[in-house]
Structure formats: structure tokens, C-alpha cells
Amino acid sequence: MKNKIDVFLPFNGFEHTRKSVAELAKDELVNNIFLITTDGKLNGIDKCTTLFSDSFTSSETINLIAQNSQSEFTLILTKDDFLELGQHALLRFCNVAKNTAAGLVYSNYYEVKGEKRNSIPVIDYQFGSLRDDFNFGHLLFYKTDALKDAVSKSSENYKFAGFYNLRLKVSQNNELVRVPEFLYKTIELEPIDSSSQHFAYVDPKNRNVQIEMEKAVTEHLKDIDAYLPPNFKEVEFENYNFKTAASVVIPVFNRANTIGDAVESVIKQKADFDYNLIVVDNHSTDGTTEKLQEFAEKYPNVIHIIPERTDLGIGGCWNIAIDDERCGEFALQLDSDDIYADETTVQKIVDKFKEEKCAMVIGSYQITNFDLQEIPPGLIDHKEWTPENGRNNALRINGLGAPRAFYTPVLREIKVPNVSYGEDYAVGLEISRNYQIGRIYNSIYMCRRWDGNSDALLDVEKANAHNVYKDRVRTFELIARKRMQK
């Protein structure tokens, strides 16, 4: 087996690219090596062909790859780092691709930062793995025929969504297969600040990227008969006999240092209707329970519930609250370590329900530290959500925003998955299948980041578990939406 692979690398003139090329060229499976650059003044590398593109992530780059790849397989390095292949790595890619007839093969990898080598296991691709930040690693091993076919079916000219659109198109007729082995390592030039990357997908600076990604996923949903046009059921309010107009729901476990702030931000609310606070205390052991008992004794609209069950996640605690006869017509979310921005939040959310006759409302929030000082990227308003296409674009992004609020009869019918991550996303997707989701784009919520709660600090295994769950939820939703079209 010789000369089976054409290789494409980003090229910015760094010396390490020459080392990567030498590493690849010594493998007899490699046929041609192409360097893709946006700088026409750079000198190339011997025995490599240099291709020029306006942007490495663009449709122009993907078209150049399709035009120039003549071998059975196409290998793309997606990041300009030094690449070292594992033992017989390219042969392993080839064999898996041949044995499975996969359109794309990818693998686990090592990432070297300074003196530290990190193991990066990636996850299996699912039907619902539509998020544009799905981690395939740095090496994409395409079957060339599948790549060319996908390009022939792509009509949009993307500057940022070229690779995203490519894998969506390839996935329509081909399997995307993960090799659960560490087949290569990349050596990073500069460390990345994980805290700045955590909310990168909603960074206002990336607005143009968001628009392109949405266009790509919308086209994909239309191709696979899972797109939903903007036709919604309207909610008819006051068809149920609720004793209270609204309830703020706080599930909590061991948040003695923050629960007081959360409760007080609810007590301070001013509204032209009755509301209460339902705190579901999931058997706290750090003094949280005692603090909540004091609040419940002092304020008649503070309801403190300790469930009988001991197997509840955050979603299960939500179900306890919404099934309680004291729950209001609207159920509003507040996390136990966050606070409402001011005393008008509850009023604004309920007003939005009635204004748009929707079954769910999502607000906007400010990212702060524990002392309420703003930290990057600041306001998270999810303006990529539009009334016309929000429920389709929701299948691409990894979260719908906060705070979330629900029309209680609809939530009682659906119920919340009894998990502690992604439960709100699962419910939001299911609601959006039939109902409009109202949006509030100014900040009504303060989301505090601190050592005890930051998702940016998750290890890779836990982050993978979270992503697998959300991809599975998206898979369920895609299947349901395809069935609706029939």
C-alpha cells in the first residue's frame, strides 16, 4: 500500500512546519503535500505545493483541497502546530477508513504544552453532534470521494464555516468514525487561556462567525428533513387555576456561602402579581439547610422543600418544585450561586410570556466574579437566537442562555430529565419543537464565576461526558423533528 494520501497543512512560515512536513514525507503512504497560506510572500517548502486562500477556514480552502487531492484519502491538519505521528498512524487511519467505508476518520491525540503532555480523548460522532465546536482533534482523515461529493453539493461561499459545512455535508451520506487510540501528538506554540475560551462561542466579536455557522446548520437540517419553519403553537394563559402567578425555583446542594445572596435577590423583587420562591434543598450538609429554614420562617413566600428521594439531580429537584401545588403559573430559574440583576427581573420575565404567548422565556446574563465585577466576555445575550430560526440554530449551540423560565403546565407535561447537566437544554429543545421561545436581550441575571462552579475547569473526561449527553439529546430531538416532517 503506497501513495494513498494527499496531505494539506496550514502554512504561516514557521520553522516547525518544515519538521511536520518531514515527519509526513517519510511515510510511504503520503503522495503529495500541500501548504495552504494566506500570505503570498512566503517562501514554500521543497517538494510541497503551495496553495493560496483568503482564509484557511473558508469554502475557498475546501474547494482547493477538493480540486488538488487526487489520492484515495485526504489528510488535513487543521491547526498550525508541530505534528508528530504515532507508530504506523497513517496506516491505521487507512485501514480503519477502508474497513468501515467511513467518510471521515479521526482519533484521540496527545497535546504538548510546554513540558506537559496531555491526553485528549475525543468522543464518538452521533447523528445529533451538530455543534460547530465538536472536537475531532487536529487531523481529519477524509475519504477523498466523500469530500469531493460534499463539495459538489455545497453552494454557499463561507469565510469561517468551510470545515463545519464540509463535515455536515459528508455526514449526510457517510459515517464519521472515531479511532479510540492516540495516533498523534501536536506541540502547541503558545498556551491558551481556558477561561477566555469558555464562552468564545457567544463572544460578540464572533458575530460574523455565528451567522455563517447558523446558515450552514440550517442548510444541513433542510437537507436531512429536520428543519422546522417558524410556525408555532400559541399558549393560552389562565386556562388553569394557579394560586400564585409565578414561582422562582432554586435547586441547591451545599451552597451555604451563596444561597443567602440568591434568596435575598428574589425577596427584593417587585411585581404587580403574587410570586413565591421554592427552594429544593437536595439534602445539604454544609449549613445550607439551616440558612434556608431561617428564611422560610421569616418570609411566608419562601418555600423550603427537602425531597424524600435521595437520587435526584438538578432536573429531579426541578420536578419536585413544578409538581408542588404551590408552584405558580410560571416557573423561573435561579441557580443557587447566582443572583437576579435587579428587583424587576421577575416582572420582566412574566411580561415577556404574556407579550409573546410563548411557553419558555430566556433572558441575558452578565458574567462576573464572586464580587460581581464583570469579567470577559461580559454580557451573554445569545443574539444569534432569532424568532424565525432560533429553534433550528439551537441544535448547533451548546446552551440556550439564562435565566430560563417556563410555562408550568407545559413543563409539567414534559418533565425535566433527572440529571445535573444539560437538563435545561433538553427541555428547551423539546419545548422549541412546538412553541416559540421568548427572548430578553438586556441583562437581567448575574452569573458568578468562581472556583467552585466554573465549567472552564472541568477535566477532559467530565467535559466529554457532558458533551456526549448533549449530543444524545440533540439526536433524540433530530429524530423527533424528522418524524414531524412525515
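## A residue to start with

Let's begin with Glu236, which is partly exposed because its relative accessible area is 45%, a value in between the cut-offs of under 20% for buried and over 50% for exposed. Keep in mind that this is a predicted model.

Where does Glu236 sit? Look in the loop between helix H7 (207-223) and strand S10 (246-252). Now find Lys354 as well: Glu236 and Lys354 are 118 residues apart in sequence, with 9.2 Å between their C-alpha atoms in space.

Next, turn to helix H2 (residues 59-68) and helix H4 (residues 144-152), which pack with their axes 10 Å apart, at an angle of about 130°. That angle makes H2 oblique to H4. The crossing of these two helices, H2 and H4, is left-handed.

Which residues make the contact? From H2 come Ile62, Asn63, Ile65, Ala66 and Gln67, while H4 brings Leu147, Lys148 and Val151. Sorted by class, the contact of H2 with H4 has five nonpolar residues, two polar ones and one charged one.

## The whole protein

Stepping back, you can find 15 helices and 18 strands in the protein. Its C-alpha atoms fill a box of roughly 80 × 50 × 40 Å along the principal axes. For 486 residues, a compact globule would have a radius of gyration near 23 Å, and the 25 Å of this protein agrees with that.

Of the 486 residues, 55% are buried. Take the contacts between residues at least 6 apart in sequence: 81% of them join residues at least 24 apart.

Note on methods:
Residues are numbered from 1 along each chain as its sequence is written. This is a predicted model: local features need pLDDT of at least 70, side-chain atom pairs count only at pLDDT 80 or more; totals for chains, interfaces and linings use all residues. Side-chain values use heavy atoms; hydrogens and water are left out. Axes are lines fitted to C-alpha atoms, for helices over the stretch in contact, and angles run from 0 to 180 degrees between N-to-C directions. Helices (H or I, at least four residues) and strands (E, at least two) are DSSP runs, numbered from the N terminus. Angles under 35 degrees count as roughly parallel, over 145 as roughly antiparallel, 65 to 115 as roughly perpendicular and the rest as oblique. A crossing is left-handed if the near helix is turned anticlockwise from the far one by less than a right angle, and right-handed if clockwise. Contact means heavy atoms within 4.5 Å. Ala, Val, Leu, Ile, Met, Phe, Trp, Tyr, Cys and Pro count as nonpolar, Asp, Glu, Lys and Arg as charged, and the others, Gly among them, as polar. Buried means under 20% relative accessible area, exposed over 50%, partly exposed in between (1.4 Å probe, protein chains only). The radius of gyration is taken over C-alpha atoms; the globule rule is 2.2 Å times the number of residues to the power 0.38.
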